[in-house]
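This explanation leads the reader through two parts of a protein model. Please keep the structure in view while reading.

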Amino acid sequence: MKSRITVLASLITAFCAAGPLLAQTIPKDELIFLTSEWKGERFPDGRPKVSDNLIERAKHIGIDDAWTVLKNEGYTNQFEGNWKLIHNDVAVTGRAVTAMFMPSRPDVEKTIKERGITKQGRKGNTNTWPIETLTKGDVYVADGFGKIGGGTLVGATLGNAIFSKTGNGVIFNGAARDLQELENIKGFNAFVRDFHPSFLEEMVLMGLNTPIRIGNVMVLPGDLVIAQREGVLFVPAHMAEQVVSTAEFVVRKDQFGFETVKSGKYTTGQIDSQWTDEIKTDFLKWLTQHPELGTMTRPELDKVMSKRTW
């Protein structure tokens, strides 16, 4: 009897621990485990919550500089290119909410929909479920396995719904429809593989806020998304502060270098190598004359220069 009770207790524990899987998500403790290097605030489901301030700062850095920081730290698989955009001049920056879609299979889709509607209070097709979870500052990132015809994960209606919740755009390894209507959503952008007039069909949601693959990148919920005309960079949440701070410095360093090299005070060799105390002093003095570029202390400058590999 004791053995049977022990087995039953184990089954109940396993069932409870797997509860979030019933909603196509992974358990909170598993998400925390996968993002364990993140030490900051989290959403109730365990997703890292990169600060709004850091997201705003990330809007003003170059994707090339951010990529270099990641590469030099060993994160070599964080960039994905070859996208089609609604607007070439509208960047998308924010926290990733991930969704994984697969080709539909009648038995699986039926049970997922029945459970979602009857037990979880969800409505509509499974492609709308990720949208229900979105908050301001999020970027909806979906792996639609590259499907174009019948793979249109966003159109005019869903585009407006997404933008009203996030103030942001989307990154879809799939397609979009209603291009003309989407163009009218001011501030919205979509990075997709292509545009197509078809409706979504034969696709089912199999993962919500789970690790997904976008091209050659593993994307985790909470990653900082930096999407610009060149492509999309997915920055692990725990690397976001270092990436943004270093990229901000590179912008300042470049502008300082342009001015001082042009004036003849320093050579390009001096600017593009480790700085002397004299250059550091001149840089900090110059920075006070350019408040639009932010502030920096001598210890902060010494720290970023000590790790200089860019």
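Between which strand and which helix does the loop with Asp178 lie? Asp178 lies between strand 7 (175-176) and helix 8 (179-183); helices (H or I, at least four residues) and strands (E, at least two) are DSSP runs, numbered from the N terminus. The model is a predicted one, in which local features need pLDDT of at least 70, side-chain atom pairs count only at pLDDT 80 or more, and totals for chains, interfaces and linings use all residues. Residues are numbered from 1 along each chain as its sequence is written, and side-chain values use heavy atoms, with hydrogens and water left out.

An unreviewed UniProt entry places the feature "binding site" at Asp178; such annotations may be inferred rather than shown by experiment. With a relative accessible area of 23%, Asp178 is partly exposed, because that class lies between buried (under 20%) and exposed (over 50%), using a 1.4 Å probe and protein chains only. Not counting residues up to four places away in sequence, Asp178 touches Gly155 and Ala156 (heavy atoms within 4.5 Å). The side chain of Asp178 also makes a polar contact with that of Arg177, at 3.0 Å; such a contact is a pair of N or O atoms within 3.5 Å, one able to donate a hydrogen and the other to accept it, and neighbours in sequence count only if both atoms are side-chain atoms.

Attention now turns to strand 13. In this strand (residues 224-228), 5 of 5 residues are buried. Leu224, Ile226 and Gln228 are on one side, and Val225 and Ala227 on the other. Strand 13 runs antiparallel to strand 3 (residues 92-103), joined by 4 bridges; strands pair if DSSP finds at least two bridges between them. A hairpin of 2 residues leads from strand 13 to strand 14.
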